[in-house]
Amino acid sequence: MEIGIVWLIRAAWIAGILPILLALLPFSRLSWYRRTILEFAKRGKILQSSSKKFTVPQKFFCHFYVWAVIWTALLLGTTWMYAYVSTPLISEPFNFPAITSQLTGGSSLFSWQKSHSSGREHRFLVWKAVFLLLLMEVQVLRRLYETIYTFIYSPSARMHFFGYLTGLFFYTAAPLSLCSNCIPEVYHFATNGIAQFIVKGKGQMLDVEVSLLDAVIPLANLGWRQWIGAALFFWGWIHQFRCHQILASLRVPGEQGEEYKIPHGDWFEIVSSPHYLSEIVIYGGLVVASGGEDLTIWLIFGFVVVNLALAAAETHRWYVRKFDNYPRNRFAIIPYIY
């Protein structure tokens with residue numbers, strides 16, 4: 001059952017990656033297919049204002065982050081409580097899987113059931129999931145803040161309804177993927193707790209005293225890969241926040257026109273879509289923090305890369321067509337490469 005859930009999540013990511021990856025291939029015979037995929041992906045300034053069929057207001061981006069904050073917080077809280085109650089506290093750092101174990105899948109979901117026989121490795125997987133979900137919650141909270149207080153969406157700004165559904169899919173599947181190593185156990189833990197509450201009532205439930213220090217120490221003991229991943233995550237996080245502020249500053253509050261300006265500052269000096277580049281850095285940080293040994297998290301990263309590469313290429317072409325004085329030294333999304 002557990003492996004079935006994992007492979008269902010992975011299949012969903014692969015189904016999302018392959019069509020976009022095909023559209024990125026530089027073959028002229030695929031131009032019709034590329035145009036079709038782009039029609040689904042366009043939004044905002046690169047979507048013609050007259051093309052409102054099957055579109056929704058771009059300000060509906062807020063829906064993604066409201067849902068993401070609630071869903072990620074639910075997974076984080078439940079997983080954290082499961083980790084705190086079901087895995088004993090240890091003061092020394094966790095042992096990390098050996099290189100041979102990584103190569104043979106010993107710490108991956110291919111051998112998920114083996115984690116039960118290795119208590120220490122199992123604790124590591126559970127607390128690592130808490131760590132990843134905590135980073136994800138930090139990301140979606142900031143994005144929710146930006147959609148409410150930073151961005152000024154034009155009343156005419158639209159996005160394709162398929163893109164809207166894709167966003168909802170992403171912010172449902174991504175947090176779930178980050179804890180897929182232990183989600184079956186967490187699910188059983190939560191449902192058993194709810195069942196006991198219904199049957200016994202609050203008065204008969206076992207009291208659990210939560211120590212904030214005991215709930216945090218295991219996260220500090222995870223290891224160097226988690227903290228390097230977190231550093232990479234926050235490097236991208238800070239730059240994305242700055243770039244979003246730059247984009248928002250180009251539009252005056254209450255402005256109704258469609259006058260666009262060339263953004264400058266921060267990573268805008270090297271790429272046309274630095275907010276997309278920083279998103280890739282953010283999810284690259286999650287890959288590093290995961291230890292780089294979970295295929296599911298690599299698939300999240302792949303989905304982010306192909307989606308943003310496609311959108312960034314179209315945005316770059318729009319800038320070049322729109323402005324005769326657009327800086328020619330800027331790349332679309334990857335500095336000096338693409």
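## Stop 1: a buried glutamate

Select Glu-279: it is buried, with a relative accessible area of 9%. This is a predicted model. Glu-279 sits in helix α10, which spans residues 274–289.

Now show its surroundings. Leaving aside neighbours within four places in sequence, Glu-279 is in contact with Gln-139, Arg-143, Tyr-171, Gln-240, Val-304 and Leu-308. Glu-279 and Gly-236 are 43 residues apart in sequence, yet their C-alpha atoms are 6.5 Å apart in space.

## Stop 2: α10 against α11

Show the side chains of the contact. From α10, pick Tyr-276, Glu-279, Ile-280, Tyr-283, Gly-284, Leu-286 and Val-287. From α11, pick Ile-297, Trp-298, Ile-300, Phe-301, Val-304, Val-305, Leu-308, Ala-311, Ala-312 and Thr-315. Colour by class: the contact of α10 with α11 has 14 nonpolar, 2 polar and 1 charged residues. Glu-279 of the first stop belongs to this contact.

## Stop 3: α5 against α9

Select helix α5 (residues 119–150) and helix α9 (residues 224–249). The two axes come within 11 Å and cross at roughly 5°. α5 and α9 are therefore roughly parallel to each other.

On the α5 side, the contact is made by Phe-124, Lys-128, Phe-131, Leu-135, Val-138, Gln-139, Arg-142, Arg-143, Tyr-145, Glu-146 and Thr-150. On the α9 side, select Gln-226, Trp-227, Ala-230, Phe-233, Phe-234, Trp-237, Gln-240, Phe-241, His-244, Gln-245 and Ala-248. The residues of this contact divide into 12 nonpolar, 6 polar and 4 charged.

Gln-139, Arg-143 and Gln-240 are part of the contact of α5 with α9. Gln-139, Arg-143 and Gln-240 are also among the contacts of Glu-279.

## Stop 4

Is its side of the story buried or exposed? His-239 is buried, with a relative accessible area of 11%. Beyond its neighbours within four places in sequence, His-239 is in contact with Asp-266, Trp-267 and Ser-278.

Move to Asp-266. It lies in the loop between α9 and α10. At 26% relative accessibility, Asp-266 counts as partly exposed. Check its backbone: phi is near 50°, a positive value in a residue other than glycine. Most residues other than glycine have a negative phi.

## Stop 4: α3 against α6

Select helix α3 (residues 61–86) and helix α6 (residues 161–178). Their axes come within 9 Å and cross at roughly 15°. α3 and α6 are therefore roughly parallel to each other. The crossing is right-handed.

α3 contributes His-63, Phe-64, Tyr-65, Trp-67, Ala-68, Trp-71, Thr-72 and Leu-75. α6 contributes Gly-163, Tyr-164, Gly-167, Leu-168, Tyr-171, Thr-172, Pro-175 and Leu-176. By class, the contact of α3 with α6 has 11 nonpolar, 5 polar and no charged residues.

## Stop 6

Select helix α2, residues 31–41. Which of its residues are buried? Tyr-33, Ile-37 and Leu-38 are. Look down the axis of α2: the buried residues fall within an arc of 135°, so they line one face of the helix. The face turned away from that buried side carries the exposed residues Trp-32 and Arg-35.

## Stop 5: the segment after α11

Go to Tyr-336, in the segment after α11. Tyr-336 counts as exposed, at 66% relative accessibility. Its phi is near 65°, a positive value in a residue other than glycine.

## Last stop: the whole chain

Show everything again. The protein chain has 11 helices and 2 strands. From the N terminus on, the elements run α-α-β-α-α-α-β-α-α-α-α-α-α. Of the 338 residues, 48% count as buried. Among contacts with a separation of 6 or more, 85% come from residues 24 or more positions apart.

Definitions and conventions:
Residues numbered from 1 in each chain as written. Predicted model: local features only at pLDDT ≥ 70, side-chain atom pairs only at ≥ 80, totals over all residues. Heavy atoms only, no water. Buried < 20%, exposed > 50% of the residue type's maximum accessible area, 1.4 Å probe, protein only. Helix = DSSP H or I, 4+ residues; strand = E, 2+ residues; numbered from the N terminus. Arc of directions from axis to C-beta. Axes fitted to C-alpha atoms, helices over the stretch in contact; angles between N-to-C directions. Parallel < 35°, antiparallel > 145°, perpendicular 65-115°, else oblique. Left-handed = near helix turned anticlockwise from the far one by under 90°. Contact = heavy atoms within 4.5 Å. Nonpolar A, V, L, I, M, F, W, Y, C, P; charged D, E, K, R; others polar.
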